[in-house]
Structure formats: structure tokens, C-alpha cells
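This report covers backbone geometry, helix packing and domain contact in one protein model. The sequence and coordinates come first.

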Amino acid sequence: MKNNYPYAHPLYAGQMLKPPHAIAREAYAFAQNINPNNHALDGGKESSAMEMEAVAGIAKMFGWDTHIGHLTGGGTMANLEALWIASQIHPNKRILASAAAHYTHERITSVLGIPFSKVSNAIDRPVMDLSALEDELKKGDVGTVVLTAGTTGTGHVEPIAEGIALCKKYGARCHIDAAYGGYFTLCVASSPLQGNFNAITRADSIVIDPHKHGLQPYGCGCVLFSDPSIGKFYLHDSPYTYFTSNQLHLGEISLECSRPGASAVALWTTMQRYPLTEDGEMAQGLSNCLNAAKTLYSKLLENGNWILPYKPDLDILIFAPKCSRVSEISEASQTMFDKAEENGLYLALYKMPSESLKAVIPEIEVDRPTVTLLRSTLMKWNHLDYIGDIFRILKSIS
């Protein structure tokens, strides 16, 4: 394992890699002494109870007192279940997602054989264009719209409030992919994002990944549905894996069979220490992440030697050395990526259509169809304390 990047260190500011909290690691390891299976109720009696309580806490964070849901192996499996349920409710109808949405939606619908269409992005931001969405909804063959609370590319929050309103108007379901950004609902009060996060409560289904901002080890995703009656779509008859209770238990509302009860134990234990409240330490840690991205953005903007196509919504920042041509920007970004690593700073690269960059920075000369920029994910609670060091290194190698 020596040939890895220092993912836990705050000078690792590249991909979405957040070290799990020590509490989660210890609880997971402790539970592994029993190795419970949260599929059949008698395979994980206590860990199943912990899962139901933890999932209820996540649902409550989004304003849901009534719900049905469970943990999954990650966001991909959680989204698969949400879109599968969507296809059962509206068979043969299309599912829409924006060009900025995670590629998993297009892949999942292909696997499930569900019609899928991409909706174009807005001109000035990598989020769904509402006019284009309404044009698609007017066709009458859309069953579900996916809206993203924190795109994995740039961390932007799509226009959820307006998007849900359009879904209600045209009779479509709304699924919120909050795998990356869902936990930020705890710390966006009085910010421009509050309206969109508040609107999530009106969605039909939600996906969130505790293994991203929930301080958990891989893999820990979560899928939630606002209507418990969707449990009927999971019904099956197994002669050996269950003893039944007076309500649907986890094995009866999941496409996955064997699932690690240790993930539930780790999440439940972490939530005892860090409750999902707007005045708690979890919210403060997430606020630090937001402020880290905003602070680095401000420093780069003030310096004047950088291309900054978008203000950050959450804790992801896209930037590049200032150049006049797309080809020069890509080459300079790659050079800086390599130099940063030599100086102990670890970044990521981000490729986007050149015309999208030109739409927000018209003076850029397009001589290639795509452009590569630098990308930083500032998702550690202590990243804010290291922004000065990150900027100093960037400035020294630019």
C-alpha cells in the first residue's frame, strides 16, 4: 500500500477522497468481530436496528418523518434502486438527467433498459437548463427527472426548487442525486443555496453517500423514498432467509442481498457523536469545506493570473493558469499538475468542452474541442486551515 497518495493529508486536494472518522473505523472493526449481515433480520438483529435508526436520521435531515429506505454499497447502487422504482411506477417512460449529472444515470438506465435522455446545461453554469427541461416535459413521455445536489465534476447544485415545480406541473417524479452534496443541507441556511436544499423535501426519492461527507469508510450509500408504499415493488418469496416482523424489514426493501451490518454500525456510532443538526460539529465541519473553496477562489481571483470559470457552490473548485488558447490552457494545467505533486500538493485534472469554457470566458481562443483544467476537492474539515499553504504552492509554481 506504499504506492498511494497521502489522501488523508489536507495537501491532498484532488479527488473526492475523505478519510473516514476514527470513530467509524473503530466501530466498523468492532462489528466485524460478529460480521452481521443486514439482509435477513436474523442475520443482523442489532445492526439492522442501527441501520433503521441511522437512515431515519438522514431522512429527518431532509425533512422526512415518513419514508422508506436503507443503506447500500454506494451511490451507484442507491441510484440504481431509485431509477428501478421510477421505472416500475412509470413503465416505458423516459428518465431525464442533465449533461452535468453523474454518468452513472445513463449507464444504469442502459443496464435496466429504461429510456434515457440528457437535458442540456445552462449557458453560464454546468447545471440543468430549465427551459430545456420544460421542453422535454411537455412531450408527455417523461416519468422521472434526476436533479443533482452537488455535481461530482464541479460541485454545483442544480435548480432543484424550480425543477421540482416543473415536475409537479407535468406529472413527473423527481429524484435527487445528493450523493455528494446532500449533507450540506446542514449548513446552507441564509445562503443562496438554501432554497434548493429546502426543496429536496418535496422530492420522491433521494440518494446520499455517507462515505463521502458522512465520515464513513467505503462503501456506504443510502437510498430514500418519500412514499413507503413503494415497498410493494420489492416483494418476493424466500423460504429460508427471513423471519418476518410486523413491518417490512431491510431485506424486504433492497435489491442487494447480503449487506455488511458493520457499515450500519459505523454510521450509527458516528451519528451519535456527530448528530445531523444545523448547530452541530458536523455542520461546522461542512461549513469549513465551503469556506475553504470560497477562500481559495478569492485568493486566485485577486492574484489575477488564473482562469476561474465558475464560482464554487460547494467545496469543489475548477481553475487553470491564465492563457489565451485552449491548447495552452490544457498544457499549462498538466504542467502545473505535475509540478504541484513535486511540491507536495496533490490536485486533479478536469476535462470539459472548450465551447463551455468560451461561453463564460469569451476571449478564450478555441483550437481544440476539449480543454483540461485543474480541479480541487476541499472536503476535509481542516482544509480551511491549509488554504494559505495551497495558494503559496500554486503561486510558486505558476
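## Backbone features

The model is predicted. Gly-219 lies in the loop that runs between strand 6 (205-208) and strand 7 (221-225). The peptide bond joining Tyr-218 and Gly-219 is cis, with omega at about -10°.

Asn-35 is not a glycine, yet its phi is positive, near 55°. Most residues other than glycine have a negative phi, and most peptide bonds are trans.

## Packing of helix 3 and helix 4

Two packed helices are described by the angle between their axes and the distance between the axes. For helix 3 (residues 75-89) and helix 4 (residues 104-112), the angle is about 55° and the axes are 10 Å apart. Angles under 35 degrees count as roughly parallel and 65 to 115 as roughly perpendicular, and helix 3 and helix 4 are therefore oblique to each other. The crossing of helix 3 with helix 4 is right-handed.

Helix 3 contributes Thr-76, Asn-79, Leu-80, Leu-83 and Trp-84 to the contact, and helix 4 contributes Thr-104, His-105, Ile-108, Thr-109 and Leu-112.

## Packing of helix 9 and helix 12

Helix 9 (residues 281-303) and helix 12 (residues 387-397) cross at roughly 35°, and their axes come within 10 Å. This crossing, too, is right-handed.

On the helix 9 side, the contact is made by Ala-292, Thr-295, Leu-296, Lys-299, Leu-300 and Asn-303; on the helix 12 side, by Ile-387, Ile-390, Phe-391, Leu-394 and Lys-395. Seven residues of the contact between helix 9 and helix 12 are nonpolar, two are polar and two are charged.

## Domains and their interface

The protein is divided into two parts, domain 1 (22-273) and domain 2 (281-397). Taken over C-alpha atoms, the centres of domain 1 and domain 2 are separated by 29 Å. Domain 1 supplies 24 residues to the contact and domain 2 supplies 21 residues.

How much area is buried between domain 1 and domain 2? The figure is about 1900 Å², and carbon and sulfur atoms give 67% of that area.

Notes:
Residues numbered from 1 in each chain as written. Predicted model: local features only at pLDDT ≥ 70, side-chain atom pairs only at ≥ 80, totals over all residues. Heavy atoms only, no water. Axes fitted to C-alpha atoms, helices over the stretch in contact; angles between N-to-C directions. Helix = DSSP H or I, 4+ residues; strand = E, 2+ residues; numbered from the N terminus. Parallel < 35°, antiparallel > 145°, perpendicular 65-115°, else oblique. Left-handed = near helix turned anticlockwise from the far one by under 90°. Contact = heavy atoms within 4.5 Å. Domains from an automatic or database assignment. Buried area = accessible area lost by both parts, 1.4 Å probe. Nonpolar A, V, L, I, M, F, W, Y, C, P; charged D, E, K, R; others polar.
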